[in-house]
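Visitor: Hi! Could you walk me through this one?
Guide: Happy to, here it is.

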Amino acid sequence: MKNNKLRFLMITLLITVLFSGCSQAQKSSNQNKKEEIKVAISAEVNPPYLYTNKQNEFAGLDIDYLKLLEKKLPQYQFKYEVGEEESNLVGIGAGKFDMGINWFFKTPEREKQFLYQDVPYSYALPLIVVHQNNSDIHTLNDLPEKKLTPMAPSGGLYSILSQYNNTHSPKIDIDTIQEPSNGDNLKMVSNARRDAMILNWNTYNAIQKQINADVKIGGIIKKESLHIVYNKKHQKLHDDIDEATQELIDEGKLQKLSEKYFDVNVFDDLDEINKQKDKLEVQS
């Protein structure tokens with residue numbers, strides 16, 4: 001009788017251990033399972049934020065940043081989907097993609113449709129380009145009564161000048177055309193046919209590498225924050241990435257990325273960046 005009871009107890013104990021092990025294994029498996037996040041990236045390259053390397057792989061500041069995020073957030077696995085910017089935004093709104101990264105600025109219209117990252121991961125640098133011999137144009141305050149190259153009647157650069165004109169007098173004379181050529185505009189400044197041109201640093205850098213115009217950076221006029229855009233249902237993902245991004249800033253890792261791709265720290269204040277504007281010139 002005692003042997004039967006002992007045998008029963010041993011079998012019961014063995015079954016308990018087996019089920020406990022299975023439960024722990026299942027729990028561990030669930031904990032290790034990553035949530036797949038579909039990330040929309042642009043098919044249009046935009047150095048230094050996004051481009052393809054010699055192995056035809058996506059590279060750039062955006063990709064390096066996303067890799068840092070994945071290390072910070074092991075619960076997520078990013079799956080990249082490539083498409084045109086507008087179709088990517090439609091896909092994010094429709095839930096086809098969870099989030100997108102593509103040099104996105106905040107706009108009132110888009111904020112109605114999407115969740116925007118609250119902690120910017122980098123900054124674009126809109127700037128004034130002038131002739132090499134010019135020494136009196138550095139800020140927007142220097143542009144009234146000057147002749148600017150034509151620009152599109154919409155978009156971020158036009159908005160910067162429009163906002164300035166709304167609160168200042170005398171106003172900047174804005175010359176608009178539907179499809180301006182950045183290359184032709186840069187040549188107009190180089191040939192002294194226009195006094196200045198407004199464009200973003202990455203565009204200036206790409207064109208100047210090709211044409212080597214007789215121009216220079218007069219001054220950076222603004223830091224334009226860049227954000228990930230999310231489908232509105234992804235508040236938790238948004239909050240996790242905001243927290244991780246702030247940690248990367250506190251650790252100095254995003255500043256190092258900036259210096260890698262810009263040669264300056266875009267997280268510095270505007271005055272400090274302007275002191276180092278020569279570092280943003282195309283190096284011959």
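Guide: First a term: contact, or touching, means heavy atoms within 4.5 Å. This is a predicted model, where local features need pLDDT of at least 70, side-chain atom pairs count only at pLDDT 80 or more, and totals for chains, interfaces and linings use all residues. Residues are numbered from 1 along each chain as its sequence is written, and side-chain values use heavy atoms, with hydrogens and water left out.

Visitor: What does threonine 245 touch?
Guide: Leaving aside residues up to four places away in sequence, threonine 245 touches Tyr65, Leu69, Gln117, Val119, Pro120, Tyr121 and Leu254.

Visitor: And is threonine 245 buried or exposed?
Guide: Threonine 245 is buried, with a relative accessible area of 0%. Buried means under 20% relative accessible area, exposed over 50%, and partly exposed in between, using a 1.4 Å probe and protein chains only.

Visitor: Which helix does threonine 245 lie in?
Guide: Helix 8, residues 235-250. Helices (H or I, at least four residues) and strands (E, at least two) are DSSP runs, numbered from the N terminus.

Visitor: New topic: which residues are buried in helix 6?
Guide: In helix 6 (residues 182-190), the buried ones are Gly183, Asn185, Leu186, Met188, Val189 and Ser190.

Visitor: What covers the buried residues of helix 6?
Guide: The cover includes strand 8 (126-131), strand 9 (196-200), helix 7 (201-211) and strand 10 (215-220).

Visitor: What comes just after helix 6?
Guide: Alanine 192, which takes a positive phi of about 65°.
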